[in-house]
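User: Please take a close look at the aromatic ring contacts in this model. I would like one connected account, with the criteria stated.

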Amino acid sequence: MLEWQLRNLAAAGLEEAVIVTGFGAEQVESALRTMHVQGLHVRTLHNPFYALADNLGSCWAARSEMEGEFLILNGDTLFEVEIAERLIEHAPTSPITVTVDRKGIYDADDMKVQTEGAQLVAIGKTLDPSRVDGESIGFLRFTPEGGRLFRDAVDRAMRTPEGMKQWYLSVIDRLARSAGQVGVMSIEGLSWGEMDFPADVKRNEKMTFAWLRSADLGRTAEAG
């Protein structure tokens, strides 16, 4: 999964990736030594509190990296290259942009969203189903101002008793409730997937095989 992520980020034009490690850090670093992703400088940053904190803690550990424009990508999200390209090329209307997909029915594990036009109203797994109109795929873009807002909000959250057990998207939810701070960008029609359950493995293998076939067909057409 990590190699797919890095190769697709590089194909979209990114030049640097910082991987926050926790459980199995040595295995991640060992795997990275076998990957040679042209054009992408990759380094790791270890979160020593991974066993005690949720992913808000990982963002807190990486807060010094959140300068200028940057992206945040969940470690369990696969995405086709066009999603990254669209997010990079997107002209943000808000300091923070959340990529969202839409479907007919959302299950309990989906990170659901409520939107008004291009603005995010709320995000969370327990939103009122009657008001849900999409789900976050775990891929966000930050302007320099968005990065500052997020860093400050993460720091405030981590100073609370419940901060260690929060998702970073709970911070995004609070920022979304401040008008104009969080926008959305649709990736409807593009392919992506999470790796949460055993059943996801076969589905994601099928998806990545399709990407490989598409790339092979593209090379064949160019050669022809």
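Analyst: **Aromatic pairs**

Phe79 has a relative accessibility of 1%, so this residue counts as buried (under 20% relative accessible area; exposed is over 50% and partly exposed lies in between, with a 1.4 Å probe and protein chains only). Phe139 is likewise buried, its relative accessible area being 0%.

The model is predicted: local features require pLDDT of at least 70 and side-chain atom pairs pLDDT 80 or more, while totals for chains, interfaces and linings use all residues. Numbering starts from 1 along each chain as its sequence is written, and side-chain values rest on heavy atoms, without hydrogens and water.

Aromatic pairs number six, where rings of Phe, Tyr and Trp (its six-membered ring) pair if their centres lie within 6.5 Å. One of them joins Phe79 and Phe139: the ring centres are 5.0 Å apart and the planes meet at 45°, so the pair is tilted (planes under 30 degrees apart are stacked, over 60 edge-to-face, the rest tilted).

Phe142 and Phe150 make another tilted pair, at 5.0 Å centre to centre and 40° between the planes. Both of these residues are buried. Phe142 and Phe150 also belong to a cluster that ring pairs build together with Phe70 and Tyr168.

A further ring contact involves a charge: Arg63 lies over the face of Trp60, 3.9 Å from the ring centre (CZ of Arg or NZ of Lys within 6 Å of the centre and within 35 degrees of the ring normal).
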